[in-house]
Amino acid sequence: QFLLPNNAILPTMAVVGENILFAGGYIDNQQTPTNIIDIYNPTEGKWSVHSMHKAREGMTAAVVRSVLFLAGGWEKSTGNSNLLVRSNLVEIIDFEKNVSWTSSLSSIQQVSAVSAGDKVLFYNKASQVTMIDIFDLATNTSQVVQQRFYWTASAVGNDIHFFTNSEVDIYHTLNNTWTTEFLGLDILGDIIDSYVIKQQIYLITPRGIFIRKYGTAQWQLISLGFGHISYILVHYDVLYMMVGPSRTRINTVFTLDGLTGKQLSWDYEPYNFGVEGNVVAHQDRLYFVGWSANAIQRVFPQVLVYDAIDTRHRLVALPDDNFQLQQMYEHGGKLFLINHEATSPSVFIYDLMYDQWSNVDFEDPRSGVMVTSSGNHIVFYGGVGDTNNSSTSINIYNTGTNIWVQYRSKVS
């Protein structure tokens with residue numbers, strides 16, 4: 001077993017190239033932040049360490065090629081070491097050139113990130129006054145722009161679109177200019193989100209989906225008769241929406257092919273997939289785990305499989321009817337169903353090619369596990385053990401060799 005260089009709890013996770021990074025987080029019950037970045041190279045199976053300029057937790061990450069941006073988060077107060085305050089620091093690390101430097105945000109509110117080309121933009125989403133910090137890697141410069149309230153932002157081509165309910169402010173990254181366009185859309189409420197598929201913008205609203213091809217002015221409306229959207233995925237140029245009459249009765253799949261415009265829907269009553277449901281996509285199929293509408297408890301007895309090509313669906317029974325799912329993750333042609341409880345088994349694995357189940361028990365079972373992946377490796381990190389103590393253990397699964405490796409916490 002390998003003792004991790006840093007026992008960070010709730011680090012910010014990012015993937016740069018093939019390397020998986022665990023940046024910052026806190027290291028004790030007093031939520032003392034750390035400045036360490038643990039870096040795992042799955043090909044070599046080796047760990048390395050990078051030190052940030054300041055200890056922080058809860059940062060927003062953005063990656064452009066080999067460069068990692070870590071913005072905002074929380075740091076120790078200079079006047080009171082027992083107090084955490086919001087940070088305006090931006091740590092910029094170029095792992096290819098092995099250099100790092102810092103900058104600062106104009107706002108200390110919770111930030112979101114969007115990027116296009118060599119530019120990364122950080123903005124405080126859904127704020128009455130939006131401060132946008134623009135970082136240009138090509139010139140190694142930054143600037144601040146004061147804008148207005150935005151619901152969402154999407155990058156398409158060399159432009160980044162910031163949406164209000166009535167207008168869109170467009171930042172043109174090539175010449176560093178802004179233009180504003182009137183939307184003129186009857187959206188019946190507030191914009192929910194925006195997505196880009198093959199140079200087309202998909203604006204999700206309570207009325208339906210508004211679609212516009214990049215570089216044109218005309219919006220197309222696809223009206224939908226649903227009350228609530230629970231999940232939205234974009235996978236292989238197809239937009240998937242899980243919809244229903246309420247937050248706890250999500251019972252219809254709507255798919256929209258971004259290339260052909262073909263629309264499909266599937267009503268899967270009596271099953272509901274509310275805020276605790278899970279859905280992943282793999283090779284034009286959706287895999288759902290939720291709960292039965294007639295169940296007294298919210299149990300997850302089956303995986304529902306929906307084929308978006310021919311609209312067929314089927315049920316796959318879980319090996320354990322009492323298994324409580326925390327989250328489901330797809331990687332390397334396998335589904336990983338992670339236990340909500342700090343009990344055995346820790347993970348159920350479903351092989352999508354061979355239609356077979358297997359499971360694994362972590363040496364220290366825990367709930368609240370974080371998951372990420374790189375190459376053939378899927379990483380399960382941290383969580384809370386059965387004694388309610390935070391864990392910094394890492395379990396790594398190689399989907400090519402089917403071999404597990406565990407790096408155990410120094411402390412439980």
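Author: Two strands count as paired if DSSP finds at least two bridges between them. The model is predicted. In it, strand β28 (residues 278-282) and β29 run antiparallel and are joined by five bridges. Asparagine 278 has its bridge partner in β29, and that partner is valine 289.

Reader: Which residue in the hairpin of β28 and β29 takes a positive phi?

Author: Most residues other than glycine have a negative phi. The hairpin of β28 and β29 has two residues between the strands. The one with a positive phi, near 50°, is glutamine 283.

Reader: How many of the five residues of strand β29 are buried?

Author: Buried means under 20% relative accessible area. In the protein chain, 52% of the 412 residues are buried. Strand β29 is mostly covered, and its count of buried residues is four.

Reader: Which residue in β34 stands opposite glutamate 330?

Author: Strand β34 (residues 334-339) pairs with β33 in the antiparallel sense, over six bridges. Across from glutamate 330, the residue in β34 is leucine 335.

Reader: Which residues are joined by a cis peptide bond?

Author: Most peptide bonds are trans. In the loop between β34 and β35 (347-351) lies proline 345. Here omega is about -5°, and the cis bond joins serine 344 and proline 345.

Reader: Is histidine 50 buried or exposed?

Author: Histidine 50 lies in strand β4 (residues 46-56). Leaving out residues up to four places away in sequence, histidine 50 touches Asn35, Ile36, Ile37, Ile39, Ile93 and Ser100. The relative accessible area of histidine 50 is 17%. The cut-off is under 20%, so histidine 50 counts as buried.

Reader: Is asparagine 140 buried or exposed?

Author: Asparagine 140 is in the loop between β13 (131-136) and β14 (141-146), and its phi is positive, near 55°. Exposed means over 50% relative accessible area. Asparagine 140 has 52% relative accessibility and therefore counts as exposed.

Reader: What is the phi of leucine 188?

Author: Leucine 188 sits in the loop between β18 (177-182) and β19 (193-197). At 57% relative accessibility, leucine 188 counts as exposed. Its phi is positive although the residue is not glycine, and the value is near 60°.

Reader: Which residues are the closest to the centre of the largest cavity?

Author: The count of cavities of 30 Å³ or more comes to one. The largest cavity holds about 50 Å³ of space. It is lined by 13 residues, and the closest to its centre are Gly72, Gly73, Gln109, Gln110 and Val111.

How values were computed: Residues numbered from 1 in each chain as written. Predicted model: local features only at pLDDT ≥ 70, side-chain atom pairs only at ≥ 80, totals over all residues. Heavy atoms only, no water. Buried < 20%, exposed > 50% of the residue type's maximum accessible area, 1.4 Å probe, protein only. Contact = heavy atoms within 4.5 Å. 1 Å grid on protein atoms, 1.4 Å probe; cavity = no way out; pocket = protein on both sides within 12 Å on 5 of 7 lines; lining within 4 Å. Points joined across faces, edges and corners; volume = space filled by probe spheres on them.
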